[in-house]
Amino acid sequence: AELSAKRPGISDPMQTAANGTHVFYLADILAEHQHLQARLPDTPLLMLRREDWGKQGRDLWHTVADPGGFTSAADVDAWCAATFPELSGKELANQCTPRQMTAPHD
């Protein structure tokens, strides 16, 4: 489950950064990850830098959750809905979405 995908300077009108705006910088991206860790203490979370596992995306940071047991996108969607019950529709998809890592392109 991808909980965040941001690069420094990105604007997300559906979320507020730690700096109080909708523009995220490195400190805001880290603060968002730490907030998610605090909210989900029993769920393994990883912060991944896109350049470390693929050639696409410059300075793009992903926070992903792997509670185990996902076998389909529907499983992730159900987990997202249960984990973020205060969100629905576009807001939920913006906060939590199925994502599958693939091998980098040559």
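Colleague: Two strands pair if DSSP finds at least two bridges between them, so in what order do the strands of the open sheet stand?

Modeller: The order is S1-S5-S4, with antiparallel pairing. Strands (E, at least two residues) and helices (H or I, at least four) are DSSP runs, numbered from the N terminus. S1 (2–6) and S4 (45–49) are the edge strands, each with a single partner, so one side of each has no neighbour in the sheet. From one strand to the next, the twist averages 15°, where angles run from 0 to 180 degrees between N-to-C directions and axes are lines fitted to C-alpha atoms, for helices over the stretch in contact.

Colleague: Before we go on, what kind of model is this?

Modeller: This is a predicted model, in which local features need pLDDT of at least 70 and side-chain atom pairs count only at pLDDT 80 or more, while totals for chains, interfaces and linings use all residues. Residues are numbered from 1 along each chain as its sequence is written, and side-chain values use heavy atoms, with hydrogens and water left out.

Colleague: OK, how many bridges join S4 and S5?

Modeller: Five bridges, in the antiparallel sense, join S4 to S5 (residues 61–65), and Leu46 has Val64 in S5 as its bridge partner. Helix H1 (residues 26–39) packs on the sheet, touching S1, S4 and S5, and its direction makes about 160° with that of S4; contact here means heavy atoms within 4.5 Å.

Colleague: Which residues of H1 are buried?

Modeller: Asp28, Ile29, Glu32, His33 and Leu36 are the buried residues of H1, where buried means under 20% relative accessible area, exposed over 50% and partly exposed in between, with a 1.4 Å probe and protein chains only. They cover an arc of only 140° around the axis, which puts them on the same side of H1; the arc is that of the directions from the helix axis to the C-beta atoms. Ala27, His35 and Ala38 are exposed on the other side of H1.

Colleague: And what do those buried residues of H1 pack against?

Modeller: Their partners are S1, strand S3 (23–24), S4, S5 and H4.

Colleague: Switching to H3, which of its residues are buried?

Modeller: In H3 (residues 73–83), Val76, Trp79, Cys80 and Thr83 are buried. Seen down the axis, these buried residues fall within an arc of 100°, so they line one face of H3, whereas the face turned away from the buried side carries the exposed residues Ala74 and Ala82. The cover over the buried residues of H3 includes S1, H1, S5 and helix H4 (89–95).

Colleague: Last topic: how many disulfides does the structure hold?

Modeller: The structure holds one disulfide, a term used for a pair of cysteine sulfur atoms within 2.5 Å. Cys80 and Cys96 form it, with their sulfur atoms 2.0 Å apart. The pair links distant parts of the chain, with Cys80 in H3 and Cys96 in the segment after H4, 16 residues apart.

Colleague: Is that disulfide buried or exposed at its two cysteines, and what handedness does it have?

Modeller: Both Cys80 and Cys96 are buried, and the torsion about their S-S bond is about -65°, so the disulfide is left-handed.

Notes
Two strands pair if DSSP finds at least two bridges between them.
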